[in-house]
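Please consult the sequence and the model while working through each solution.

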Amino acid sequence: MTELLKTSLQRRTVLQAATVGALGAGPALRALVHAQGSDAPEKKEVKIGFIPLTDCASVVMASVLGLDQKYGVKIIPSKEASWASVRDKLVSGELDFAHVLYGLVYGVQLGIGGPKKDMAVLMTLNQNGQAITLSKKLAEQGATDGPSLARLMRGEKREYTFAHTFPTGTHAMWLYYWLAANGIHPLKDAKVITVPPPQMVANMRVGNMDGFCVGEPWNHRAIMDGIGITAATSQAIWPSHPEKVLGTTAEFVQKNPNTARAVTAAILEASRWIDESLANKNKMAETIAAKAYVNTSVDAINQRILGRYQNGLGKTWDDPLHMKFYDGGAVNFPYLSDGMWFLTQHKRWGLLTAHPDYLAVAKKVNRIDVYQQAATAAKVPLPKSAMRSHKLIDGVVWDGKDPARYADGFQLKA
């Protein structure tokens, strides 16, 4: 290892040095030289907000492993209390970037669910790995999945309360989509509340909700604590769905394009590192379980990131569509069709009163130009198209071709 690389890593741990060494001294050196050149990052130290969830891992590991230094930046992970706090701090500039809900970024872009401000999605941080948890009390009454929940709600009339994490966010959309696919109107047949992810289990424990949709490890934590069961995974609702993104403001990217590229490249490298091996996944689980990050036990994290699922009622299975951070580069591209999908659901459920120009909004928010530059720097493959096609749980195909028709085509809607 050269003196230049030694100097750049001298304040990192042995683990960090070993990781960069494994990635190869040549690329690391080239990145360091690149970072010192004319396109060096404008801002050397950046604050990235995150919520205590398993899918904050690539942001955290980019910092812990020293991958940020390869690109001339220092990432300071900032633990936040709620998605509303993340939104407000992004908009105000208190945070430079955030591990954030896809739909939250689009909500701010259009001025729904908060102040209106031009935003940017730089990359997708992960696919899959969220779930819908029902209370043990509901399970004991026979509600263990969508159809049985619908039967119970029809037969026993009362107010049923379900929680998500943010009105325009991914968990709200997975919850609404799943309920509607099972004939339950989320806005008419139920009461829906907003609860920060780390508070979900405590709120279910005291009886504040019948079910919730949240990211891991809080669904598995509910099973471990004996208060909930997994009724559906988010990947069963939409296989290989986009989840959290690296978000910032359009203004930040305009003022700091090199910083945006450098941070994206560093997190891409961390994403690849996580998915490279079982040992790396376990090391990641040990790291983010700490109080400074997710603040839970390692065993609440490490099973589901390997696809080892249980529902809390004795059923176990291996899920090939578990949470993925890289998957050969397939995870991270900010597909235009992914962003557009959230807009269709915002329109479906009355968050938007009129159809936006779906494609134009997605092209403005999803900064494919920045991603392409970062992916090239990190040697991450690029897809052939900025659009992709998927069939969701109700059999309806989403391909982004006619978003207005898609949004209006659902039987259950606002």
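**Exercise 1: The strand β6**

Strand β6 is joined to β7 by 4 bridges, and the two run parallel. The model is a predicted one, in which local features need pLDDT of at least 70 and side-chain atom pairs count only at pLDDT 80 or more, while totals for chains, interfaces and linings use all residues. Residues are numbered from 1 along each chain as its sequence is written, and side-chain values use heavy atoms, with hydrogens and water left out.

Task: Determine which residue of β7 stands opposite Ala-163, and which residues cover the two faces of β6.

Solution. Step 1: Two strands pair if DSSP finds at least two bridges between them. Step 2: The residue of β7 opposite Ala-163 is Ile-193. Step 3: On one side of β6 are Thr-161 and Ala-163, on the other Phe-162 and His-164, and all are buried. Here buried means under 20% relative accessible area, exposed over 50%, and partly exposed in between, with a 1.4 Å probe and protein chains only.

**Exercise 2: The strand β3 and its partners**

Task: State how many residues of β3 are buried, and describe how β3 is joined to β1 and to β10.

Solution. Step 1: In β3 (residues 97–101), 5 of the 5 residues are buried, so the strand is largely enclosed by the rest of the structure. Step 2: β1 (residues 45–50) runs parallel to β3, with 2 bridges joining them; Gly-49 has Ala-98 as its bridge partner in β3. Step 3: β10 (residues 244–249) runs antiparallel to β3, with 4 bridges joining them; Gly-247 of β10 stands opposite Ala-98.

**Exercise 3: The helix α9**

Task: Identify the elements against which the buried residues of α9 pack.

Solution. Step 1: The buried residues of α9 (residues 146–155) are Gly-146, Ser-148, Leu-149, Ala-150, Leu-152 and Met-153. Step 2: These buried residues pack against β5 (130–135), α8 (136–140), β6 (161–164) and α10 (170–181).

**Exercise 4: Leu-187**

Task: Locate Leu-187 and list its contacts beyond four places in sequence.

Solution. Step 1: Leu-187 lies in the loop between α10 and β7 (191–194). Step 2: With a relative accessible area of 39%, Leu-187 is partly exposed. Step 3: Its neighbours within four places in sequence aside, Leu-187 is in contact (heavy atoms within 4.5 Å) with Tyr-176, Trp-349 and Ala-414.

**Exercise 5: Backbone features in loops**

Task: Decide whether Asn-128 is buried or exposed and whether Lys-379 is buried or exposed, and find the peptide bond that is cis.

Solution. Step 1: Most residues other than glycine have a negative phi, and most peptide bonds are trans. Step 2: Asn-128 has a positive phi near 65°; this residue lies in the loop between β4 (119–124) and β5 and is buried, at 1% relative accessible area. Step 3: Lys-379 also has a positive phi, of about 60°; its place is in the loop between α20 (368–378) and β13 (390–391), and it is exposed, at 56% relative accessibility. Step 4: The bond from Glu-216 to Pro-217 is cis, with omega near 15°. Pro-217 lies in the loop between β8 (211–215) and α12 (218–224).

**Exercise 6: The whole protein**

Task: State how many helices and strands there are in the protein, and what share of its residues is buried.

Solution. Step 1: The protein has 21 helices and 14 strands, which are DSSP runs (H or I of at least four residues for helices, E of at least two for strands), numbered from the N terminus. Step 2: Of its 414 residues, 59% are buried.
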